[in-house]
Amino acid sequence: MDSEELLDIVERIESGATKREKSDRPAVHVPVDRLLSAMRRLRNYQWLSFDMLVTHTAIDWPDDNRFELVYLLYSTVHGHLLERPQ
Amino acid sequence: MTVTIRTLNELLQPSHLPAHPLATQEYFVNMGPQHPISHGSLRLVLRLDGETVKEVIPVPGFVHRGVEKMCESLTPRQIVPYTDRLDYLSAFMNNWAITRVVETAAGIESNERIETIRTLMSELQRIQSHALWWGVTGMDLGAFTAFLYGFREREVISEIFEETVGARLTMNYIQPGGVMYDIHPNFVKRVKDVMAYMKPIIDEYDTLLSGNVILQERCRNIGILSPEKAIALGCTGPVLRASGVPYDLRKMENYGVYNKVDFNVVVGAVGDCWDRYYVRMQEMRESIRIVEQLIDSIPEGPTMTLRYNLPIEMPEGTYYSQVETARGVFGAFLVAEGKSEKPYPLHFRSPNYNNLWSVTALAPGWRVADIIAILSSLDLVIPDIDR
Amino acid sequence: MGLITETLPAVIEKFPGGSLIVTSMDYAINCSRANSLWPLTFGTKCCAIEMLMATGAAHQDLSRFGAEVARASVRQADLMVIAGAIVKKMAPRMRMLYEQMAEPRYVIATGACAVSGGPFMYNSYSIVRGADEVIPVDVYVPGCPPRPEAFFWGLLALQKMIKEGESVRRPGIRRKPVMAALPNGMTAADVRAEIQRELEQDNVIDVEKEAESKPWAAKVKEWIRKSSSIS
């Protein structure tokens, strides 16, 4: 599965998820109130099955007065990596 | 969504008081920060009932130097030596992780020779690191002789590094755009000699310690980590592979020249301390195989494709790269603003941090002495946890 | 196997069946202290691998210098090797460990981090810049990390220092750290200004004032008076 297909699937299963530009890995933006449901779907949907949280970090943007949480997910079943800032 | 946060003070309350004057009460024992098992400064608070461990609360942070924050005021070339000082037993691989992320971001090409040298150095260091771990595990479990043997082999490989790199521990060798120096003229011959010497040595390790009754008794079926739990906790490296998950970035991520060599990913069957022990023993053998396949055919070419005095320009965006160190996945997450050479935030994903928290799942129910075996089999390097 | 690094200041008298050594009590005690240091297994960072583990192994053998009995308990140790960075969370713990050690106790700071903060000296919010801000240090071994041989040199320097101790009650000479942390409210700019002031004071000479203070000043005055009266 290449990164375009992966992003297509993610966008289809989670409303509100948008593709993130300027990233070397497939990445999606998710609004904060959809975070939990998005995470559940990403883990449970069998074509994705992102079961491992590789790392979790945050970026602060003082100009925009906001924080961005970054979750790096990995699927040990399929071997693909998704970076999903929100 | 609710999140409960428990402070350490709350955690340090016994869950029950004795109902009967003769009944036992729960009590707490501190392991560390100064403790021979911690190999650094790690504090573990054990909640004990008699000698049975009820809960383990790791308290890291005794070596927290704020490396990630420091990196925000450093250029990529200046960051490289700081990665040595995180997991100092995998210094080459840590250099490689930050180098890879910078190379991806700035679009720097490297050639076959550079990648081969990087792979060779990393595999040599994996053998060195595992040899050291083997010695220290022996010492932790009461066999001091193993320590002397483990360090004998570490010294032999250290001399190879010293000849080419000039350092024994903190390498600062793999740089964005290549490697710091070309390999020493003696390198190929010495590596061949050492590999020929190392092969029977691993068997010697097996005869010396692996079959030992005490080691078997203290490791077999102790601290079983199920594959689901290991994945959920984010464990990587030999800890995850010992639980039976064939997850090795050298196969998955396709970096270096790992796709050209033939090697196996070693997995365990049960996920106990013994599996974690033996996975590392087998990994040493696999690493020797990788080195032997590469050492005869190091291609010609320049060892640095980038001029030192030019700044590395990274366009705006987020970048993540990871490599497999001796302890698991070491990743670097970099956000470039596109304005200067310096990264805006830089986050290191260190394998030891996730491996440490597996002790909270492993330890309950075992005795205090088993905690030593469990911690030893996790092979923690504390500065990598604290950063 | 042992290394003889100095001659024994003693009188050896031979008599049938053996020989008799006559020396001072202080020397004998200081000598035994110097050659039986028991280090504490206390490593915080990379230096611990080189300083405490590699030196304890067979290739570089710490027991040649009588210091191989690494103790995990503070109360049994008398040499603390600070191997690695000390951060603010660790500093009180290290102080506590030091105070628990039995006297006489000695401290070797190995590696750039323990000497001055090292590579983390700048831009770090949590590092203690040099272990000597927390506890007194006897010997500094610089390097990042130092080679085991460098550590041996530091150990020999410490042993020499202990042997130089005057009496049993005052073991060794505890020298004050030369470059400790700056006092509160003082910045590097103040220090630089002070150095500048001192330098200017030394280099600017008022010739007349200087000449007044010399022993031949009276003669010169007399000579000037005479020569002016002639004309």
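I took strands (E, at least two residues) and helices (H or I, at least four residues) as DSSP runs, numbered from the N terminus. Two strands pair if DSSP finds at least two bridges between them.

This is a predicted model, where local features need pLDDT of at least 70 and side-chain atom pairs count only at pLDDT 80 or more, while totals for chains, interfaces and linings use all residues. Residues are numbered from 1 along each chain as its sequence is written, chains are lettered from A and ligands numbered from 1 in the order in which they are written, and side-chain values use heavy atoms, with hydrogens and water left out.

**Entry: strand pairs in chain C**

I looked up S4 (residues 79–83) and S5 (residues 106–110) of chain C, which pair in the parallel sense over five bridges. C:Ala83 has C:Thr110 of S5(C) as its bridge partner.

I then checked the antiparallel pair of chain C, where five bridges join S1 (residues 11–15) to S2 (residues 18–22). C:Glu13 is bridged to C:Leu20 in S2(C). The hairpin of S1(C) and S2(C) has two residues between the strands, and C:Gly17 takes a positive phi near 95° there.

**Entry: confidence**

The model scores ipTM 0.80 and pTM 0.80. Contact here means heavy atoms within 4.5 Å. Where pLDDT is low, the predicted coordinates should not be read in detail.

**Entry: chain C against chain B**

I found 36 residues from chain C and 36 residues from chain B in the contact. The two chains bury about 3,000 Å² between them, 63% of it on carbon and sulfur atoms. C:Ile49, C:Met53 and C:Phe120 lose the most area on the chain C side, together 18% of what that side buries. Buried area is the accessible area (1.4 Å probe) that two parts lose on being put together, summed over both.

I counted three salt bridges across this interface, the rule being a side-chain nitrogen of Lys or Arg within 4 Å of a carboxyl oxygen of Asp or Glu. C:Glu50 forms a salt bridge with B:Arg154, and their closest N and O atoms are 3.2 Å apart.

Helix H2 (47–54) and helix H3 (91–100) of chain C each supply at least two residues of the side that touches chain B. H2(C) gives the largest share, four residues.

**Entry: chain A against chain B**

I found 23 residues from chain A and 26 residues from chain B in this contact. The area buried between chain A and chain B is about 2,000 Å², of which carbon and sulfur atoms give 61%. A:Lys22, A:Asp24 and A:Met52 lose the most area on the chain A side, together 25% of what that side buries. I counted zero salt bridges between chain A and chain B.

Strands S3 (52–61), S4 (66–74) and S5 (81–85) of chain A each supply at least two residues of the side that touches chain B. S3(A) gives the most, with nine residues.
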